[in-house]
Amino acid sequence: LGDVYKRQLTACTSCVMEMGVGLYLMPTSFECILSFPSSHFIDSNRVLRPCIKNCKECSFREICDVCEAGFKKWNSICYSACPFGTVEATEGACTWCNAECLTCQTTSDYCTACKYSKFSYEGKCYDECIEGTGPVNFTKFRYCLACGTGCDECTHSEGQPQSTICTKCSVGYAAVEAFPPLTCASTRRLEAKIAIEKELEERDIENGEAVHKF
């Protein structure tokens with residue numbers, strides 16, 4: 001039969017059966033065709049209609065089955081990136097983040113922002129920052145960052161997460177200052193430093209006594 005059945009009419013508006021085969025109307029060219037591209041679907045009048053924007057294959061106009069390369073499918077619509085609150089679960093398809101996540105990345109369970117005023121840290125949601133981490137103040141979403149070696153409790157300044165204000169040192173560490181921000185040093189190192197300073201002081205005293213006797 002061939003793929004294209006051209007009519008003598010200048011504008012064909014409907015197609016008929018030909019040799020027992022139903023033809024489809026391509027309205028853009030006013031032709032009756034036997035086969036049609038996957039980027040179109042058939043309406044109730046056997047007229048071919050284009051899929052929605054950025055859709056490669058569809059069953060109906062508003063239901064996309066496969067998106068064009070580089071686009072992600074969500075609720076049968078194609079997006080350049082997965083919408084807010086979703087993540088690409090399989091190639092070219094998005095899925096909801098888990099119930100606690102406001103936003104997520106890589107997988108639906110790795111939260112980058114949490115709901116219910118919870119704090120996010122390393123992909124999980126917490127009611128408050130866990131030991132060894134501290135909240136980042138004045139941010140749109142609540143999250144925690146590590147305090148650093150020797151510090152159990154801290155806060156972080158807005159726009160400067162690296163600027164950590166330590167408020168409590170870890171076990172085995174001692175604060176060099178009396179008030180926050182604290183610099184936490186290993187107690188072993190402090191003890192070693194004190195011992196060295198004491199030894200040097202004793203030597204100075206001995207040297208001073210020796211000079212005095214002379």
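A disulfide is here a pair of cysteine sulfur atoms within 2.5 Å. In this predicted model, local features need pLDDT of at least 70 and side-chain atom pairs count only at pLDDT 80 or more, whereas totals for chains, interfaces and linings use all residues. Residues are numbered from 1 along each chain as its sequence is written, and side-chain values use heavy atoms, with hydrogens and water left out.

The disulfide rule gives a count of eleven. One of them joins C129 and C144, with sulfur atoms 2.0 Å apart, and is left-handed at -95° about the S-S bond. C129 lies in the loop between β17 (124-126) and β18 (133-135) and C144 in strand β19 (residues 144-146), so the link ties together parts 15 residues apart in sequence. Strands are DSSP runs of E with at least two residues, numbered from the N terminus. C129 and C144 are both buried, that is, under 20% relative accessible area, where exposed is over 50% and partly exposed in between (1.4 Å probe, protein chains only).

In the disulfide of C169 and C184 the sulfur atoms are 2.0 Å apart. Its S-S torsion is about -85°, so this link is also left-handed. It connects strand β21 (residues 160-169) with strand β23 (residues 184-186), and both cysteines are buried.

Most residues other than glycine have a negative phi. S76, in the loop between β10 (72-74) and β11 (77-79), has instead a positive phi of about 65°; at 23% relative accessibility it counts as partly exposed. S117 has a phi near 60° and, at 51%, counts as exposed.

Key
Helix = DSSP H or I, 4+ residues; strand = E, 2+ residues; numbered from the N terminus.
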